[in-house]
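Please read it with the structure open.

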Amino acid sequence: MAGIYRSTRYVLQNAFGSRSLPGAVRFYSQKPDPAPLINVDVDSKTGVATVTMNSPPVNTLNTPFLNEMGGVIKELEKNKTRGLILTSSSNSVFSAGLDIMEMYKAPRDQMAVFWTTLQNTWLSLYRTGIPTVAAINGHAPAGGCLLALSCEYRVMVGPKFTIGLNETQLGIVAPPWFLICMREAVGPRQTELALTSGKMFTATEALNIGLVDQLVSNKEEALAEAHKFIARFAKIPPLARKLTKEFTRQEGIKYMEEKMLDDLETFVDVASSPSAQKGMEMYLEALKKKST
Ligand SMILES: CCCCCCCCCC/C=C/CC(=O)SCCNC(=O)CCNC(=O)[C@H](O)C(C)(C)COP(=O)(O)OP(=O)(O)OC[C@H]1O[C@@H](n2cnc3c(N)ncnc32)[C@H](O)[C@@H]1OP(=O)(O)O
């Protein structure tokens, strides 16, 4: 089994194409798609990129989306972008997390490609030397919360949106690297309490436990505060900043570097188990009922 996963990873690692940014201008990532999944807008004065997830209806994280996100981060690093602000084009959802359709009734090799892409893209975002901020302008359950936690600073639009790692509510388990990200933000006690119950926090609750750093009342304010956070690093030498970030995040980085294949195998085994499949089926039904 590990052989399949290793060759899958090889293919994926070589699948991130690259293309030069024509200076500080707007560009769309990866494929010349008339409806890109992610828009990137680089401010010509500050060099800060606003990366807008634009995969309606709820920015689910599936393989094409994650590949595109990985490509975007690579491009921004190559172009020495001054900051990355992650936000959503939706008025109510930051990201609904992993696309359950990538896990539900999916063949094991498809699940493996999906998870490997997630692992690689997560690691790129989590460890990038570029200062990162999540401007959370909508609900951020599960993988949506992970995306926000992988950034260095979180500004959330309140009070009506929610955020959290709700996996246990679905009968699935947040892997250790999700948990490490949560623990880095809120500490071990709050992490255990939150994850064992799969709690979704209101924006105010999230602020109170340190899951987010700031509350604002709309997206424009969120973006303005995100720019302010990035401006703090104007006079900090980038290499010193990057290495300090790597040292601070070494537990998560080390976990992924050393345990990537074990994590992958566990994921495929757990996600394809009858009980996880049943849980996903019931959850999907509940989502569908809710939306009709
Ligand atoms: C070593 C141990 C290792 C263990 C490994 C175990 C492996 C397990 C994997 C663990 C990780 C999981 C992380 C995840 O991210 S799982 C996904 C969790 N996501 C959610 O719970 C969010 C579900 N969605 C919502 O709550 C709501 O959609 C929303 C985000 C609050 C938005 O609500 P809104 O009313 O605006 O929109 P709708 O609910 O009507 O949704 C619109 C359509 O989108 C579909 N949808 C929503 N979320 C998902 C999703 N995550 N995946 C796939 N599809 C989704 C929804 O069904 C609607 O579809 P429809 O229009 O066709 O009805």
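How many helices and strands does the protein chain have?

1. **Overall make-up.** The protein chain has 11 helices and 10 strands. Helices (H or I, at least four residues) and strands (E, at least two) are DSSP runs, numbered from the N terminus. The model is predicted: local features need pLDDT of at least 70, side-chain atom pairs count only at pLDDT 80 or more, and totals for chains, interfaces and linings use all residues. Numbering starts from 1 along each chain as its sequence is written.

2. Of the 292 residues in the protein chain, 44% count as buried. Buried means that 20 or more other C-beta atoms lie within 10 Å of the residue's own; exposed means 12 or fewer, partly exposed in between, with C-beta atoms placed from the backbone. Take the contacts in the protein chain with a separation of 6 or more: residues 24 or more positions apart account for 76% of them. A contact needs the two C-beta atoms, placed from the backbone, to lie within 7 Å.

3. **The ligand shell.** There are 30 residues around the ligand, and G97, L98, A142, G143 and S291 come nearest. The elements giving two or more residues to this shell are α10 (250-271) and α11 (274-291). By class, the shell divides into 18 nonpolar, eight polar and four charged residues. Here Ala, Val, Leu, Ile, Met, Phe, Trp, Tyr, Cys and Pro count as nonpolar, Asp, Glu, Lys and Arg as charged, and the others, Gly among them, as polar.

4. **Strand β7.** Look at residues 153-157. Five of the five residues of β7 are buried. Y153, V155 and V157 are on one side, R154 and M156 on the other, and both faces are covered. β7 pairs with β5 (residues 132-136) in the parallel sense, over four bridges. Pairing requires at least two DSSP bridges between the strands. β7 also pairs with β10 (residues 214-216), again parallel, over three bridges. M156 has L215 in β10 as its bridge partner.

5. **Strand β5.** Five of the five residues of β5 are buried as well. One side carries T132, A134 and I136, the other V133 and A135, and both faces are covered. β4 pairs with β5 in the parallel sense over three bridges. I85 stands opposite V133 in β5.

6. **A134.** A134 stands opposite R154 in β7. Leaving aside neighbours within four places in sequence, A134 is in contact with L86, L147, A148, C151 and R154. A134 and Y153 are 19 residues apart in sequence, yet 6.3 Å apart C-alpha to C-alpha.

7. **Helix α8.** Residues 219-231 form this helix of 13 residues, which reaches 18 Å from first C-alpha to last, close to the 18 Å expected at 1.5 Å a residue. The expected span is 1.5 Å times one less than the number of residues. Which residues of α8 are buried? They are A222, A226, F229 and I230. These residues cover an arc of only 95° around the axis, so they sit on the same side of α8. The arc is that of the directions from the helix axis to the C-beta atoms. An α-helix has 3.6 residues a turn, so residues three or four places apart point the same way. Their cover includes β3 (48-53), β4 (83-88), β5, β7 and β10.

8. **The three-stranded sheet.** This open sheet runs in the order β6-β8-β9, with mixed pairing. β6 (140-141) and β9 (201-202) are at the edges, each with a single partner strand, so one side of each is left without a neighbour in the sheet. β6 and β8 (residues 162-164) pair in the parallel sense over two bridges. A140 has I163 in β8 as its bridge partner.

9. L37 lies in the loop between β1 (27-28) and β2 (38-42). L37 is buried, with 22 other C-beta atoms within 10 Å. Leaving out residues up to four places away in sequence, L37 touches N54, S55, P64, F65 and E68. F247 belongs to helix α9 (residues 238-248). F247 is exposed, with 9 other C-beta atoms within 10 Å.

Conventions: A residue is near a molecule or strand if its C-beta atom, placed from the backbone, lies within 6 Å of it.
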